[in-house]
Structures are given as C-alpha cells and as structure tokens.
Amino acid sequence: MAKGRIHSIESMGLVDGPGIRTVVFFQGCALRCLFCHNPDSWDFAAGKEVTADEIIAKVLRFRPYFERSGGGVTFSGGEPLMQPKFLFELLTKCRQHGIHTCLDTSGVGLGDYDEILSLCDLVLYDIKALDGADYEKMCSLSIERTHEFAEALKRIKPATIVRQVVVPGINDTDEYMRALKEYIAKELPFAQSVELLSFHKMGEHKYKKLGIAAPLADTEAMDKEKTQMLCDKYFSKGE
Ligand code: SF4
C-alpha cells in the first residue's frame, strides 16, 4: 500500500474545483514560484506520513458534505505529481468509490502522467510563465520539466481548466494575456476555461516563520478588479 507525505487536509474547500471540495495538500514541491503562498509545503521531509487508506477514510467521512454540493476531492500541494504512486492509489480508490476528483498541478512531477490523468475527472493546470527565461525567473527551474506533462495532457485530454496567477509588474499586461490565449488555443485547445487568480500577500507570514525572505515582499497585491477585467477581455466564454 502506498504511503505519502501530506501537508494538511481542508474539508470545506470552495475554490479548487466544482462544489465543496475536500482538499488534500501534498507535502513537497520542486518549484520556488515567486508568488507562492505556501512555502511551508516545499520541504519534502516535512508534513505527515499517511497511507492512502487513511486519507480515503477521512474523505468518506466528509462525503455527505461535498457530494450534496456536486463537489469531490482535490489533490493539491505542494505538488501531488511528486508522489505519483501515492497519488495514483488515491485516484484509483476515489474512482472505486465514485468520488469526483480534481488534480491541481504545476505539471512538474516524477512521471506516470498518462496513468494519473486517465483517472482525473478534472485537472487544474497552473501555468507559471510562457517563455523559458521568464519561467526560470518565476520558478527557479527549467520550463523543460513541464513539457512532458503538457504532452501527456494533450494525449489524454482530461477535462482541464487552465489557471494563471496574475502578478503586478510581471504578467498583468495585455501582451502577456494575448500570448497566454494564443498558447492555450495552440497547445491546449481542449481546455474548458481559463481562471486568472490575483496575487495576494496572505502567505507572507509563512515566509517570516520559516526565516525566508518573501521574494515579492515589495510587490502590491494584484487588484482583483483588474484581474477580472483581463479575464473578461481575454477569456470570457464564447471568446
Ligand atoms: S508550484 Fe505551487 S507549491 Fe510549488 S512553489 Fe509554485 S505555487 Fe508554491
């Protein structure tokens, strides 16, 4: 039976997939996104070791709440794809129980992508940057690592929502949004929709606690109205 490390479980998630979600946050991430608000989920050795059955037992207890709302379970992080065997077992068991699953991912993991994606009812694919140099600046890792996952997405074509965090002074421009739209039309034409998420400052206390300088400490939170305006302009349905 697969064991894995998780950061935490949230029983009333409302933003990571349809309806009410039980969100399982995996521990560990290879990226260092400048805008990350969960730096406490980076360290692969931290968190808590659990079995897939322990997680499923919890999920089943929450089931009456999320099922009535058309919700399910979301695997987020950290990065779930960095623990592929554990994730695969969780997805398999959710499917056996008829529970809707959603994978929230950066696409930087350790493989088994086709098998994993075949079991996901919905994928929230987080795009960080489009260009190799910008990606490296944003995430401290080569963009190449995401290509293998993007290829698997194109093969399996699960229901997919593309997500992009919008950061003032970095990607809150018409130029970037046009490029994002073009990229999705070309590479991910099966994506159902695009969600733009405003950069916020709510994770800064976690950096302080960890003794790490928050990389965007001098950047203001993204104006939510401007994010909505960009979303309406470039990604409203029927566009
Ligand atoms: S992929 Fe997610 S958890 Fe990892 S650094 Fe980026 S925002 Fe943080």
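I began with helix α2, which has 13 residues and reaches 18 Å from its first C-alpha to its last, close to the 18 Å expected at 1.5 Å a residue. I keep in mind that this is a predicted model.

Next I looked up which residues of α2 are buried, and found Phe86, Leu87, Glu89, Leu90, Leu91 and Cys94. These buried residues pack against β1 (3-13), α1, β4 (72-76), β5 (101-105) and α3 (113-117).

I then turned to the pair of helices. Two packed helices are described by the angle between their axes and the distance between the axes. For α1 (residues 52-68) and α2 (residues 84-96), I recorded an angle of about 40 degrees, with the axes 10 Å apart. The two helices are therefore oblique to each other, and their crossing is right-handed. On the α1 side the contact is made by Ala52, Ile55 and Ile56, and on the α2 side by Phe86, Glu89, Leu90 and Lys93. Sorting the residues of this contact, I wrote down 5 nonpolar, no polar and 2 charged.

My last entry concerns Asp40, which I located in the loop between β2 (21-26) and β3 (48-51). Is Asp40 buried or exposed? Asp40 counts as buried, because it has 20 C-beta neighbours inside 10 Å, and 20 or more is what the term requires. Leaving out residues up to four places away in sequence, I found that Asp40 touches Lys206 and Leu210. Asp40 and Leu210 are 170 residues apart along the chain, while their C-alpha atoms are separated by 7.5 Å.

Conventions: Residues numbered from 1 in each chain as written. Predicted model: local features only at pLDDT ≥ 70, side-chain atom pairs only at ≥ 80, totals over all residues. Axes fitted to C-alpha atoms, helices over the stretch in contact; angles between N-to-C directions. Helix = DSSP H or I, 4+ residues; strand = E, 2+ residues; numbered from the N terminus. Parallel < 35°, antiparallel > 145°, perpendicular 65-115°, else oblique. Left-handed = near helix turned anticlockwise from the far one by under 90°. Contact = placed C-beta atoms within 7 Å. Nonpolar A, V, L, I, M, F, W, Y, C, P; charged D, E, K, R; others polar. Expected span 1.5 Å × (residues − 1). Buried ≥ 20, exposed ≤ 12 C-beta atoms within 10 Å, placed from the backbone.
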